[in-house]
Each structure stands twice: as C-alpha cells, then as structure tokens.
Amino acid sequence: MKIWTIANQKGGVGKTTTVASLAGAFVKRGLKVLMVDTDPHASLGYYLGIDSEQLPCSLYDLFLANKTLTTDSVQMHIVPTNVVGLDLMPSTMALATLDRSLGHQEGMGLILKKALKLVENRYDVVLIDCPPVLGVLMVNALAASEHIIVPVQTEFLAIKGLDRMVKTMLLMGRSKKIKYSYTIVPTMFDKRTRAASAALLQLNEDYNEELWQDVIPVDTKFRDASLSHLPASHYAPSSRGVKAYNRLLDYLLAKDLSHVKIS
C-alpha cells in the first residue's frame with residue numbers, strides 16, 4: 001500500500017480537487033483507494049456528497065481511541081463513497097480542537113500512520129487531504145506519507161505559501177532525520193493570463209528539480225463534478241482537467257509506484 005499526502009500551507013490551491021481527481025484516476029485503473037480527510041472543514045466529504053457531521057464516527061474518534069486501535073475499529077471509521085472502489089475516512093469540525101486537547105500527548109504525531117498500517121491489506125493506495133495549517137493533523141499526514149504532492153496555484157501569493165510549505169518539510173525532515181520526497185504540481189493554470197505564465201516561470205526557476213513539468217489547467221468541469229459528488233474522472237473523463245491529472249498520475253507512478261500492479 002502506497003500513501004501519498006496532498007499538502008500546502010495555503011488554502012484554495014486545489015488540494016481537495018487533486019485528492020478527488022487522483023483517487024478517481026486510480027480507481028479507473030483498477031486499484032482500491034482510501035481517501036483520508038484531515039481538514040476540519042471536511043471539504044473532501046462534501047465534495048463526494050458525505051456529511052461527516054451526520055456520521056456516527058470520524059477521524060476525530062480514531063484519534064481519541066488511539067491506544068485501543070484494531071483493524072476492525074479503524075475500518076469502522078471508514079465509509080464507502082458512491083464510487084465503487086473508493087472509500088473515505090471522513091473529517092469533522094471537532095478535529096479543529098485536537099491541537100489544544102490532545103496535541104501535547106506523546107505519540108500524537110504517529111496515530112494516523114499506526115491506523116493505516118492496520119488496514120494496509122485492504123487498499124492499494126491511500127491519499128491524504130491536509131488542512132492548510134501546520135499542526136498535529138499535518139504532522140500526522142506527513143509522518144504517514146511516502147510521497148508528498150504539493151499543489152500550488154499559478155499566482156504570486158500561492159508561490160509565497162509554497163515557500164512556507166517547503167520550509168516546513170525541511171524542518172520536519174531534519175527533526176526526524178529523513179528527507180521528504182515531494183512533487184510540486186502547478187494548478188489552476190490559465191494560459192490566457194500573463195500572471196499565470198509569470199508564476200510558472202518563477203516555479204521553474206525556484207523549484208525545477210521538484211516541479212512537475214506540466215500543469216493542471218483551469219477547468220469548470222472540476223466544479224461541476226463536485227456539484228455531482230463525483231471525481232472528475234467519473235463525471236467528465238474526456239475533459240482537459242482529467243487528462244492533465246492522468247498525465248500527473250503517469251508521472252508519479254513512474255517515480256514512486258513502480259511495484260504496484262496497475263490493471
């Protein structure tokens with residue numbers, strides 16, 4: 001089982017869209033996928049038509065039960081979506097209280113990693129959606145991950161947010177004596193605007209080695225897909241945005257998933 005985290009310390013850069021789009025693309029290729037929503041806003045659940053506040057349990061309850069986790073108890077925190085082969089570990093607003101209520105406890109940064117280990121035989125891939133805030137939730141997501149995908153909107157302020165995210169990975173990596181593997185993905189690219197082209201040029205100058213040399217374009221089909229509570233891959237499979245995410249997936253698979261069988 002491979003685990004990828006989609007993270008950036010700036011909101012509105014396409015993290016949730018990237019999770020849903022890659023998840024749908026994986027399912028289209030025959031893999032069993034688990035999405036984990038660690039953002040208290042629960043956007044990923046709403047994207048797929050799931051209201052986590054109406055569910056009996058969520059990721060928050062999993063954190064509370066961290067000392068008694070079993071495969072069955074972790075599975076209880078996972079719900080199916082309306083796409084066969086695609087499951088969700090939902091978020092809830094209560095997650096926003098974790099740093100204050102439980103963040104000081106020893107081992108809190110490894111709970112998600114431990115939980116996912118218990119269900120590793122049930123999924124081929126896990127994709128983790130992160131909040132745009134450095135705290136116990138992002139620490140858990142990064143600690144559990146083998147590769148980090150950093151979506152960055154092709155505009156100036158988003159690039160400044162990217163700087164903070166890269167510094168966070170460097171600091172956390174030094175403290176854990178590891179080097180995080182990551183890929184920067186330019187999103188919401190509008191070739192008609194000078195600002196988008198300038199931002200892409202800046203990304204190439206600053207992060208050439210880690211940058212995916214392609215873009216996710218602006219595509220209204222992403223918004224339409226979320227309104228239909230489906231990944232774009234299932235709502236508009238021939239759209240330019242879906243084709244771009246398939247190219248991204250091909251690139252990431254070549255880098256990081258060579259031993260996972262793709263049907």
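In which strand is T187 found? I found T187 in strand β7. Before going on, I noted that this is a predicted model, where local features need pLDDT of at least 70 and side-chain atom pairs count only at pLDDT 80 or more, while totals for chains, interfaces and linings use all residues. Residues are numbered from 1 along each chain as its sequence is written, and side-chain values use heavy atoms, with hydrogens and water left out.

**Entry 1: T187**

My cut-offs: buried is under 20% relative accessible area, exposed is over 50%, and partly exposed is in between, using a 1.4 Å probe and protein chains only. I then listed what T187 touches, not counting residues up to four places away in sequence: V13, P151, V152, Q153, T154 and I216. Contact here means heavy atoms within 4.5 Å.

**Entry 2: the sheet**

Next I followed the strands. They form an open sheet of seven, in the order β3-β4-β2-β5-β1-β6-β7, with mixed pairing. The edge strands, each pairing on one side only, are β3 (79-80) and β7 (182-187). Helices (H or I, at least four residues) and strands (E, at least two) are DSSP runs numbered from the N terminus, and two strands pair if DSSP finds at least two bridges between them.

I zoomed in on β2 (residues 33-37) and β4 (residues 86-89), which pair in the parallel sense over four bridges. M35 stands opposite L88 in β4.

Which helix lies across β6 and β7? I found α8 (residues 156-176) there, running at about 160° to β6 (147-153). The axes are lines fitted to C-alpha atoms, for helices over the stretch in contact, and angles run from 0 to 180 degrees between N-to-C directions.

**Entry 3: salt bridges**

How many salt bridges are there? I count seven, taking a side-chain nitrogen of Lys or Arg within 4 Å of a carboxyl oxygen of Asp or Glu. I wrote up three of them.

- E146 bridges to K2, with the closest N and O atoms 2.9 Å apart. E146 sits in the loop between α7 (136-144) and β6, and K2 in strand β1 (residues 2-6), so the pair ties together parts that are 144 residues apart in sequence. E146 is partly exposed at 37%, whereas K2 counts as buried at 12%.
- K32 and D87 meet at 3.5 Å, N to O. K32 is in the loop between α1 (15-28) and β2, D87 is in strand β4, and they are 55 residues apart. K32 is partly exposed at 30%, while D87 is buried at 9%.
- R247 pairs with D214 at 2.7 Å between the closest N and O atoms. R247 is partly exposed at 38%, and D214 is partly exposed at 23%.

**Entry 4: D219**

Where does D219 lie? I placed D219 in the loop between α9 (194-207) and α10 (220-227). D219 is buried yet has no salt bridge, and the nearest side chain of opposite charge, R240, is 4.4 Å away. For charge, Lys and Arg count as positive and Asp and Glu as negative, with His and the chain ends not counted. What does the side chain of D219 reach? I found the backbone nitrogen of G241 at 2.8 Å. Leaving aside neighbours within four places in sequence, D219 is in contact with S239, R240 and G241.

Conventions:
A polar contact is a pair of N or O atoms within 3.5 Å; within protein, one must be able to donate a hydrogen and the other to accept it, and residues adjacent in sequence count only if both atoms are side-chain atoms.
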